[in-house]
Amino acid sequence: MDMEHVTTLECTLCGTEYDPDQIIYTCPEHEGVKGILEVKYDYDVIHDNFDADLDGNIRSQWKYKPFLPVHDDAEVVTLEEGGSSLLDAPNLSEELGVTTLIKDDGRNPTGCFKDRASSVSVTKAKNDGRDIVICASTGNAAASLSGYAARGGLDCRIFVPGDAPEGKLAQPLVYGADVLAVNGSYDEAYDLSMEATEKYGWYNRNAAVNPFQVEGKRTVGLELAEQSAVRGEVPDWFVFSMGDGCTIAGAWKGFREFYDLDYVEDTPKMLGVQAEGASAIHDAFHEHDDIDEIADTLADSIAVGRPRNTIKACRALEESGGTSLLVSDDDILAGEKLLGSTEGIYAEPAGATPVAGVKEARERGIIADDETVVICTTGFGLKDTESAKQATGDAYRVDPRIEEVNDLYGEAQPAAADD
């Protein structure tokens, strides 16, 4: 088997390097999980092996297999994730006052962006001979990993906070996973999953520490770069919600790689959006002293009090010339309703958070009138219908009588006569 394009795993804190063929989660030179590892590549090898046409035809993220940290002959576990469309959003653009496009990753097989990472991690686990995979999750990663474990014939064990949305708990159960609802926060569920990893030797998919997870997520940056090249214009901004930080870090890494390889002529600025109640990455990027490790937001997918990929996320913001900002839960709900009512896209709260972020950035003058913005929606709305009800209110309740329709809309106007 050959993985010559992957050169090393490098600690983001001290630079210590590790063999990429071993299973290692963090640098042991640092306490806990602080020593996050970065996958390093030989891009000359990638360039020599990558022969796909950059024509915008992206059936799945595995179009970019030479970029991904798997062996040449690896048996890929896939549900054809990735390849999400880049949609014009004229109605939303008018509302926000800036040209806006949508990269709709809620269309992925299990309904969320995390499928990009789960496909890579289950592929790695299966080809390494592992038969049990686990993760901690607020819901989406749990469902995603469970689906791909089923696809790959692996057992799956999930640790979620007990207050995760019911829809997100039902989905992994349908996929056949063992779901352990932890009486505590996401961070407590995460800590328990790490203890279980150490005790039982299960393969851990946690994007916060599994260095290969970010590599799957970076395919969204590769895709946008290719789609931008086909459109003949690189967007000024690429906007993500941030929880742990690995999604925006991966997206930037992927886009920058295409730029460094001269496949695209420019790069976007990254805008990271966090909820006011879960602001740790934003606080770190802006060097605030009072970083709060308590997560309190209805956008459960980004409700992370102790993000493990802060360094990578902040580096993406800085290197791209971008920035971060905060929005309230009310703003997030308004963004969910606005996205649905203008473009027919139903996103869960974390997936709609970028809409609220762009609105805030426009009001603050961060995004200019003549710029172009790409919003990445990371999860489908049916993941959390209770929040959607908060955003929209209830249905009208009427008796089966036309008079009640009249009460709502008035008497019908006579149809215009034909000329």
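D187 and R308 form a salt bridge, with their closest N and O atoms 3.1 Å apart, where a salt bridge is a side-chain nitrogen of Lys or Arg within 4 Å of a carboxyl oxygen of Asp or Glu. The pair links distant parts of the chain, since D187 sits in helix 6 (residues 186–200) and R308 in the loop between helix 10 (280–285) and helix 11 (310–320), 121 residues apart. D187 is buried, and so is R308; buried means under 20% relative accessible area, exposed means over 50%, and partly exposed lies in between, with a 1.4 Å probe and protein chains only.

Please keep in mind that this is a predicted model, in which local features need pLDDT of at least 70 and side-chain atom pairs count only at pLDDT 80 or more, while totals for chains, interfaces and linings use all residues. Residues are numbered from 1 along each chain as its sequence is written, and side-chain values use heavy atoms, with hydrogens and water left out.

By the salt-bridge rule, the count comes to 28. One of them joins K103 to E223, with the closest N and O atoms 2.7 Å apart, and this pair connects strand 5 with helix 8 across 120 residues of chain. Both K103 and E223 are buried.

Six strands form an open sheet in the order 4-5-13-10-11-12, with mixed pairing, and two strands are said to pair if DSSP finds at least two bridges between them. The edge strands, each pairing on one side only, are strand 4 (86–88) and strand 12 (323–327). Inside this order, strand 10 (residues 237–241) and strand 11 (residues 269–275) pair in the parallel sense over five bridges, and W237 stands opposite K269 in strand 11.

Which residues are linked in a network of salt bridges? They are E38, E215, R218, K253, E257, K312 and R315.

Methods. Helices (H or I, at least four residues) and strands (E, at least two) are DSSP runs, numbered from the N terminus.
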